[in-house]
Amino acid sequence: MRRAVEHRPRGRWPEQEAAGNVSLAFDDRHRRRLKLETVEGEALLLDLPEAVAMAEGDGLRCADGGWVKVTARPEPVLRIAAAAPELVARLAWHLGNRHTPADIRVNAILIRPDHVLAEMLRNLGGIVTEAVEPFQPEGGAYSGHAQDRSRWHEHP
């Protein structure tokens with residue numbers, strides 16, 4: 001079994017050398033040690049010195065020198081949109097006021113499924129739909145990790 005022993009953020013590893021891909025849901029992307037299986041079916045042991053918050057496009061260097069790419073596995077989310085940017089800002093404020101992990105997109109906010117929040121957002125004028133998409137919430141201003149804003153992109 002291959003061992004992934006080092007994590008590097010997107011853009012800071014030779015992505016063209018990736019010999020595999022591991023697709024992980026959000027909760028599985030913050031780990032130190034975990035037995036995984038690549039998309040290609042290869043067993044992989046994540047064996048890092050400390051827990052790391054991995055994101056879409058990050059790389060894992062294996063003990064044998066090879067690389068494996070991390071991708072964000074699509075998972076159930078609520079997609080929140082609104083008719084006007086001012087309303088999206090208001091909805092984001094209400095989510096932040098409840099310390100809700102949120103993936104801020106150009107044209108939507110994604111949160112984990114929560115029927116209470118969905119009802120609140122609809123009552124405030126939000127358009128809330130169920131979806132299955134990769135989920136990468138903001139790390140927070142006090143997380144100690146620089147946020148890579150280049151991950152912001154439009155989704156249909």
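Which order do the four strands of the open sheet have? In this predicted model, for which local features need pLDDT of at least 70, side-chain atom pairs count only at pLDDT 80 or more and totals for chains, interfaces and linings use all residues, the order is β8-β9-β7-β10, with antiparallel pairing. Residues are numbered from 1 along each chain as its sequence is written, and side-chain values use heavy atoms, with hydrogens and water left out.

The protein contains two helices and 10 strands; helices (H or I, at least four residues) and strands (E, at least two) are DSSP runs, numbered from the N terminus. Along the sequence these elements form the pattern β-β-β-β-β-β-β-α-β-β-α-β. Of the 156 residues, 41% are buried, where buried means under 20% relative accessible area, exposed over 50%, and partly exposed in between (1.4 Å probe, protein chains only). The protein has an accessible surface of about 9,000 Å², and carbon and sulfur atoms hold 53% of this area; accessible areas come from the Shrake-Rupley method with a 1.4 Å probe, and for residues only the protein chains shown count as cover. Among contacts with a separation of 6 or more, 67% involve residues 24 or more positions apart, a contact being heavy atoms within 4.5 Å.

β8 is joined to β9 by two bridges in the antiparallel sense, and I104 has I109 of β9 as its bridge partner. Three bridges connect β9 to β7, again antiparallel, with R79 opposite L110. On the β10 side, β7 forms seven antiparallel bridges, and V77 stands opposite A131. Because five of its seven residues are buried, β7 is largely enclosed by the rest of the structure.

The side chains of E133 and R79 are joined by a polar contact of 2.8 Å. A polar contact is a pair of N or O atoms within 3.5 Å; within protein, one must be able to donate a hydrogen and the other to accept it, and residues adjacent in sequence count only if both atoms are side-chain atoms.

In soluble globular proteins, nonpolar side chains tend to be buried together. A nonpolar core is here a set of buried Ala, Val, Leu, Ile, Met, Phe, Trp, Tyr and Cys residues joined through side-chain atoms within 4.5 Å. The largest such core has 14 residues, of which I80, L91, L95, I109, I111, L121 and V128 touch the most other members. At least two residues of this core come from each of β7 (75-81), α1 (85-97), β9 (109-111) and α2 (115-123). The largest share, four residues, is supplied by α2. Beyond its neighbours within four places in sequence, L95 is in contact with I80, T100, I109, I111, L117 and L121. Another core, of 13 residues, lies apart from this one and includes L24, L44, L48 and L60.

The buried residues of α2 include L117, A118, M120 and L121. These residues lie on the same side of α2 because they cover an arc of only 165 degrees around the axis, the arc being that of the directions from the helix axis to the C-beta atoms. Their cover includes β7, α1, β9 and β10. H115, V116, E119 and N123, on the other side of α2, are exposed. The N-terminal end of α2 is capped by D114, a side-chain oxygen of which lies 2.9 Å from the backbone nitrogen of V116. After α2 comes G125, with a positive phi near 100 degrees.

A further set of contacts involves a loop residue. E40 is located in the loop between β3 (30-37) and β4 (43-53) and counts as exposed because its relative accessibility is 51%. Leaving aside neighbours within four places in sequence, E40 is in contact with G20 and N21. The C-alpha atoms of E40 and G20 are 6.6 Å apart, although the two residues are 20 residues apart in sequence. A polar atom of the E40 side chain lies 3.0 Å from the backbone nitrogen of N21.

Conventions
Two strands pair if DSSP finds at least two bridges between them.
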